[in-house]
Amino acid sequence: PKAHAAAGPLAPAAAAPAANPERAKWREIRSPIVGTLYRAPAPDAPNFVSVGDTIKQGQTLCIVEAMKVMNEIEAEFGGVIKEILVENATPVEAEAILFLVDPA
């Protein structure tokens, strides 16, 4: 039991420093409205963006459909997409974090 207790707290602590410095500077891109998120302009079209893509300010990242209105969500800043936190065709709340971006 003693060895297990020592290993438990150490494992997350050892992993955290490696992840945190880089993630700390990532910025969130949030949904301005409640609706359904679509990652592509049409079902048979490629996604607007993928992880690893470099984006520019004003670039369309996704669409949030609300009451049959397709609202294009644009990047407020440039950078590199690090994580996409919402699956295609899923509902999102206002202020939901959609993307994590390493700012340019």
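This is a predicted model. Begin with the aromatic rings. The count of aromatic pairs comes to 0. Rings pair here if their centres lie within 6.5 Å. One ring does have a charge over it: the charged end of R27 sits over the ring of F77, 3.7 Å from its centre.

Now turn to opposite charges. Side chains of opposite charge can pair when their charged atoms come close. How many salt bridges does a search of the whole structure find? The search gives 4. Three of them are followed here, including the one between K82 and E22.

In that bridge, the closest N and O atoms of K82 and E22 are 3.5 Å apart. K82 belongs to strand 6, residues 79–84, and E22 to helix 1, residues 2–24, so the bridge ties together parts that are 60 residues apart in sequence. K82 is partly exposed, at 27% relative accessibility. E22 is partly exposed too, with a relative accessible area of 38%.

Move on to R23 and E83. Their side chains meet in a salt bridge, with 2.7 Å from N to O. R23 lies in helix 1 and E83 in strand 6, so this pair also links distant parts of the chain, 60 residues apart. R23 has 39% relative accessibility and counts as partly exposed. E83, at 23%, counts as partly exposed.

Next comes K25, which forms a salt bridge with D102. The closest N and O atoms are 3.7 Å apart. K25 sits in the loop between helix 1 and strand 1 (27–30), while D102 is in strand 8, residues 97–103. The two are 77 residues apart. D102 is buried, with a relative accessible area of 14%; the cut-off for buried is under 20%.

Strands of a sheet pair through backbone hydrogen bonds, either parallel or antiparallel. Here 4 strands form an open sheet, in the order 1-8-6-3, and the pairing is antiparallel. Which strands stand at the edges? Strand 1 and strand 3 (54–55) do. Each has a single partner strand, so one side of each is left without a neighbour in the sheet.

I55 has G79 of strand 6 as its bridge partner.

Definitions and conventions
Residues numbered from 1 in each chain as written. Predicted model: local features only at pLDDT ≥ 70, side-chain atom pairs only at ≥ 80, totals over all residues. Heavy atoms only, no water. Phe/Tyr/Trp six-rings, centres within 6.5 Å; stacked < 30°, edge-to-face > 60°. Lys NZ or Arg CZ within 6 Å of the ring centre and 35° of its normal. Buried < 20%, exposed > 50% of the residue type's maximum accessible area, 1.4 Å probe, protein only. Pairing = 2+ DSSP bridges.
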